[in-house]
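Q: Hi! Could you walk me through a couple of packing details in this one?

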Amino acid sequence: MSFTIETDYDSLSSPLLLDGDKDIELRTIYEISKLLGSSMDLSKTLSGVLNLLSINLDTWRGMICLEEYPGELRLISATGIPPDKLRRNHFMVGEGVTGRIFKSGIPSVVPDASKEPLFLNRFGSLDDTDGKPIAFIGVPIKAARTTLGVLAIERVMVNRSTHSFDRDVRLLTMIANLIGQTVRLYRNIAAKHSQLVEEKQLLKKALQTKYSLDNVIGASKAMQEVFAEVHQSAPSRATVLLRGESGTGKEVIARSIHFLSPRKDGPFIKLNCAALSESLLETELFGHEKGAFTGAQSGRKGRFELAHGGTLFLDEIGDISPAFQAKLLRVLQEREFERVGGTQSIKVNVRLITATNRDLEQAVSKGDFRADLYYRINVVSIFIPPLRQRREDIPLLVEHFLDKFNKENGRKLTVAAEAMKKYVGCSWQGNVRELENCIERTATMVHGDVIRDVNLSCQSNKCMGQLLHFHPQAKQAEAKGTSTEDASAQSDAAPDEYQAEPSAAASAPNTERERLIWALQQCGWVQAKAARLLNISPRQMGYALMKHNIEIKKF
């Protein structure tokens, strides 16, 4: 037989309570209040609450049920109940004593559970007490006048006549109110977190749709601007000029423009103009008729014809000869051409994308590149930044290339933090292509499953990129048989290139070792200042000093 109790909170300090009992209750409430604010793991926190009740109030079993779904209470935490009896861990609203408490919102006490028809004995309480009477005390868990669940304890009654159920109900009601505030706070935070995660996913999806390209990695602001320009220009038929240093990924961007355009179902044809002589380039682009030259056993379509209805990508457009520039200009103007050895004009519907790492404006001013062709190909110009100007993309690229290597070679390599720091700090004159080469080389030679900074080629002075890009322009000019002035005029010097500032160049020695010592002397043997004077990075300066065995003077 059960009965309900209306709680009178003022009676908490009733003189009927012994001082020791009041101390235990106050200590229990204090410890529970601290526990409820200590963690955002709700199940763990509620288990701690029940453990405190078991220790401080000598309860036999305890449980906390919350309404997880409408009309259904689920057991969130329990103490004293064997795991094998927790399978049926839910109650319907109004089912049994627990369901009635939730439905009515009123505490309930069952002095002897064995005599209460509504007591379901779902967890085998009546089977484990050797015939001793079990009392069940339950209170609703509320917050903002809303019932959220039920807090219940069970006691083995030794002397029922002297036990105060009123005190149990008062204390449990106060604890239940604390739990209710915690549950409401937890659910609000969980709802906010879910909302933020959902908004993040939607935003990420929107950004991927608007500012991402397949097979192109770039989260930096510079690459996001490139992605935006690609998406803006792709739907049109305008000719696009991709500009940037070698190895920045111009061909990948060209493919992305094609596949984002209405011509995505058409062919994507590419040709590197710098790899062919003028005569071969003409044949490759325009095709030839049978017998047009020795060895022409049959007619052949050129790249323009093969790209009909699609996109033609011409890489290194700045390296074609002035004579061929005139032929290409006619095709772009008239959209028609004749095969080599033929007389019949062939019309084509082709979108042209070109790319170069040269300074075309300087080439036009010097007469090396036709101004009219420049205006034809430079309708939409997209500049792809070098890797050293978007260092925040380097970790993403490293992970991408390493994941690619792992899949191809059946490895499980990872990159240590110190190695990643080295990757981010490198100048990468060869850009993404050099980075991929470096990762593949390091991954191939490393022992173990972790790439550390000591495994990098630059740490053992074997970095091919540093050796390739460190030498001064004077040596490059000497290798090409041109003067230093001509080499300086023709090169598109990068910030990290080894060359002194113009004001100091006149008095600088010619050999590498002498230039290094001269720069150090000019800067008081401070490496960082000497590196800036030579217009190289401090890291390159360190390599050079080791290479030439130059000791730094310390004052």
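**Helix packing and the sheet**

A: Happy to! H12 passes H13 in a right-handed crossing. Keep in mind that this is a predicted model.

Q: Thanks! At what angle do H12 and H13 pack, and how far apart are their axes?
A: The angle is about 115 degrees, and the axes are 9 Å apart. Helix H12 covers residues 394-409, and helix H13 covers residues 417-425.

Q: Which residues meet there?
A: From H12 you have Ile-394, Pro-395, Val-398 and Glu-399. On the H13 side they meet Met-420, Tyr-423 and Val-424.

Q: And by class, what does the contact of H12 with H13 have?
A: That contact has 6 nonpolar residues, 1 charged residue and no polar ones.

Q: OK, switching to the sheet. What's the strand order?
A: The order is S9-S12-S15-S8-S16, an open sheet of 5 strands with parallel pairing.

Q: Which strands stand at the edges?
A: Those are S9 (268-272) and S16 (380-383). Each has a single partner strand, so one side of each is left without a neighbour in the sheet.

Q: How many degrees are neighbouring strands turned against each other on average?
A: The average is 20 degrees, with direction ignored.

Q: Back to S9: over how many bridges does S9 pair with S12?
A: S9 and S12 (residues 311-315) share 5 bridges, in the parallel sense. As one of the partners, Asp-315 in S12 bridges to Asn-272.

Q: Last one: which strands does helix H5 lie across?
A: H5 (residues 221-233) lies across S15 (351-356) and S16, and H5 runs at about 155 degrees to S16.

How values were computed:
Residues numbered from 1 in each chain as written. Predicted model: local features only at pLDDT ≥ 70, side-chain atom pairs only at ≥ 80, totals over all residues. Heavy atoms only, no water. Axes fitted to C-alpha atoms, helices over the stretch in contact; angles between N-to-C directions. Helix = DSSP H or I, 4+ residues; strand = E, 2+ residues; numbered from the N terminus. Left-handed = near helix turned anticlockwise from the far one by under 90°. Contact = heavy atoms within 4.5 Å. Nonpolar A, V, L, I, M, F, W, Y, C, P; charged D, E, K, R; others polar. Pairing = 2+ DSSP bridges.
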